[in-house]
Amino acid sequence: MGSNLGNRKKNLACAIRLIGERVGKVLRVSSFVETEPWGFESKNNFLNAVICCETELTPRQVLQTTQQIERDLGKRKCHATRRQKEINYQDRPIDIDILLYDDLIVDEPDLKIPHPLMQNL
């Protein structure tokens with residue numbers, strides 16, 4: 001997950017708390033790491049973290065739940081260039097990606113596990 005708008009540390013902490021409430025028990029949380037934006041240009045650096053959680057939800061349910069958390073925390077469609085809109089890389093209060101789910105492989109139009117860009121993250 002990452003945040004590059006607003007109080008980035010608070011955004012990540014809120015997302016972690018909500019994942020714990022809505023997805024399942026959070027088992028581990030990485031350190032927070034600051035990085036430059038990837039895939040688009042912005043003056044706002046990202047604060048990123050990775051978590052591991054235990055869930056009874058299906059991968060699809062995890063996706064739907066994390067997308068709702070993004071909406072609840074204010075992810076918005078910012079004024080982005082056409083190219084940014086095509087690839088959906090833009091400034092945002094919170095972005096949550098599913099990197100892995102056990103050893104499952106999912107290849108659907110809107111859900112890819114493992115995350116196809118994981119090695120670049």
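**Reading a helix and its partners**

Modeller: Leaving aside neighbours within four places in sequence, Thr65 is in contact with Arg22, Val23 and Leu57, where contact means heavy atoms within 4.5 Å. Before we go on, this is a predicted model, in which local features need pLDDT of at least 70 and side-chain atom pairs count only at pLDDT 80 or more, while totals for chains, interfaces and linings use all residues. Residues are numbered from 1 along each chain as its sequence is written, and side-chain values use heavy atoms, with hydrogens and water left out.

Colleague: Where does Thr65 lie, and is Thr65 buried or exposed?

Modeller: Thr65 lies in helix 2. Helices (H or I, at least four residues) and strands (E, at least two) are DSSP runs, numbered from the N terminus. Buried means under 20% relative accessible area, exposed over 50%, and partly exposed in between (1.4 Å probe, protein chains only). Thr65 has 18% relative accessibility, so Thr65 counts as buried. A polar atom of the Thr65 side chain lies 2.7 Å from the backbone oxygen of Gln61.

Colleague: What can I read from helix 2 as a whole?

Modeller: Start with its span. The expected span is 1.5 Å times one less than the number of residues. Helix 2 covers residues 59-72, 14 residues, and reaches 20 Å from its first C-alpha to its last, close to the 20 Å expected. After helix 2 comes Gly74, whose phi is positive, near 95°.

Colleague: Which residues of helix 2 are buried?

Modeller: Here is a general idea that helps. An α-helix has 3.6 residues a turn, so residues three or four places apart point the same way. In helix 2, the buried residues are Pro59, Val62, Leu63, Thr65, Thr66, Ile69 and Glu70. They pack against helix 1 (8-22), strand 5 (51-55) and strand 7 (111-113).

Colleague: How do I read salt bridges, and how many are there?

Modeller: A salt bridge is a side-chain nitrogen of Lys or Arg within 4 Å of a carboxyl oxygen of Asp or Glu. By this rule the count comes to 7. One of them joins the side chains of Asp72 and Arg22, at 2.6 Å from N to O. Asp72 lies in helix 2 and Arg22 in helix 1, so this pair ties together parts that are 50 residues apart in sequence. Asp72 is partly exposed at 41% relative accessibility, and Arg22 is partly exposed at 35%.

Colleague: What does the whole chain look like along the sequence?

Modeller: The protein chain has 3 helices and 7 strands, in the pattern β-α-β-β-β-β-α-α-β-β. Of its 121 residues, 36% count as buried. Among contacts between residues at least 6 apart in sequence, 60% join residues at least 24 apart.

Notes: A polar contact is a pair of N or O atoms within 3.5 Å; within protein, one must be able to donate a hydrogen and the other to accept it, and residues adjacent in sequence count only if both atoms are side-chain atoms.
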